Amino acid sequence: MLKQRAEGEERGEMGGVVGKGVYVLILEISRETVVEIGRARRRIRFKRGFYAYVGSALSGLEHRIQRHLRSSQGETKKKHWHIDFLLASPAVRIVAVILAQTKERKECEIASHLLRNGLEFVRGFGCSDCGCESHLFFSPQQSALLSAVRSSFIASGLSPSIFNAGRTQ
C-alpha cells in the first residue's frame with residue numbers, strides 16, 4: 001500500500017491518482033544479485049543499494065504503478081519491460097514512488113536530468129524504445145537518490161508527489 005509523504009510525514013493513500021503521467025520507482029536491492037533482463041536474457045549484476053527507475057504511463061498512472069507493486073510482492077505476471085525482470089528478483093523491493101500527472105512524454109527528460117546529476121546508471125536499461133543511455137540509476141544512499149529525482153521532476157516543469165511503499169517482501 002502506498003502512503004503519500006510530504007515534508008517527511010505520511011498522509012493519505014495513493015487512491016485517486018488517475019490520468020497520464022510519469023513516475024519513478026525507488027527500489028532497494030538488499031544484496032548483490034544477478035538478473036537476466038529482457039528477451040535476450042542479458043545478465044546484469046546489480047550492486048546492493050538504491051535504484052531509480054524512470055517510466056511513463058500514458059494510459060494510466062495508477063494501473064501501471066499497481067502492476068509494478070504487485071510484481072514486487074511476488075505476483076506472477078507476464079514480463080513486458082526490463083523493470084518486470086528486475087522486480088521479479090527476491091532481492092528487490094519498491095520503497096517509494098514519485099509521480100506527476102502530465103500528458104507530455106517527460107520520462108526521457110527526467111532520465112537526462114538524472115544522468116547529468118552524475119548518478120551511476122545501468123546502460124541500456126528501460127530505454128529500448130528511445131535514444132537514452134538508461135532509465136535506471138543507482139545511488140548507495142536513498143536520500144541522495146530521492147533528492148536527485150525530485151530535482152529532476154522540478155527541472156522538467158513537473159510537481160512531484162512522493163509515496164512510500166512500505167515493506168513489500
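# Reading contacts and strands

Reader: Which side chains meet R123 in a salt bridge?

Author: The side chain of E133 does, with N and O 2.7 Å apart. A salt bridge here is a side-chain nitrogen of Lys or Arg within 4 Å of a carboxyl oxygen of Asp or Glu. R123 and E133 both lie in the loop between β8 and β9, so the pair ties together parts that are ten residues apart in sequence. Strands are DSSP runs of E with at least two residues, helices are runs of H or I with at least four, and both are numbered from the N terminus.

Please keep in mind that this is a predicted model, in which local features need pLDDT of at least 70 and side-chain atom pairs count only at pLDDT 80 or more, while totals for chains, interfaces and linings use all residues. Residues are numbered from 1 along each chain as its sequence is written, and side-chain values use heavy atoms, with hydrogens and water left out.

Reader: Which residues do salt bridges that share partners join into one network?

Author: E36, R41 and R43 are joined that way.

Reader: Which strands do bridges join to β3?

Author: Start with the rule: two strands pair if DSSP finds at least two bridges between them. Nine bridges join β3 to β6, and nine join β3 to β7 (residues 92-101). β3 runs antiparallel to β6 and antiparallel to β7 as well. To find your place on screen, look for Y23 opposite G55 in β6 and V22 opposite A100 in β7. Eight of the nine residues of β3 are buried, so this strand is largely enclosed by the rest of the structure.

Reader: And β4, which strand do bridges join to β4?

Author: Strand β4 (residues 33-37) is joined by five bridges to β5 (residues 42-46), and the two run antiparallel. Here V34 stands opposite R45 in β5. The hairpin of β4 and β5 has four residues between the strands, and G38 in this hairpin takes a positive phi near 75°.

Reader: How is a pair of aromatic rings described?

Author: By the distance of the centres and the angle of the planes. Rings of Phe, Tyr and Trp (its six-membered ring) pair if their centres lie within 6.5 Å; planes under 30 degrees apart count as stacked, over 60 as edge-to-face and the rest as tilted. By this rule the count comes to five aromatic pairs. In one of them, the ring centres of Y23 and Y53 are 6.4 Å apart and the planes are at 55°, so the pair is tilted. Y23 lies in β3 (residues 21-29) and Y53 in β6 (residues 49-57), so the pair ties together parts that are 30 residues apart in sequence. Y23 is buried at 1% relative accessibility, and Y53 is buried at 6%.

Reader: Which residue forms an edge-to-face aromatic pair with Y53?

Author: F125 does, at 6.2 Å centre to centre and 85° between the planes. This pair links distant parts of the chain, because Y53 is in β6 and F125 is in the loop between β8 (120-121) and β9 (136-139), 72 residues apart. Ring pairs link Y23, F46, Y51, Y53, F125 and F138 into a cluster.

Reader: Lastly, which residues of helix α3 are buried?

Author: In α3 (residues 107-116), they are E107, I110, A111, H113 and L114. Seen down the axis, these fall within an arc of 160° (taken from the directions from the helix axis to the C-beta atoms), so they line one face of the helix. They pack against β3, β6, β9 and α4 (142-155), where contact means heavy atoms within 4.5 Å. Just after α3, G118 takes a positive phi of about 85°.

Technical notes. Buried < 20%, exposed > 50% of the residue type's maximum accessible area, 1.4 Å probe, protein only.
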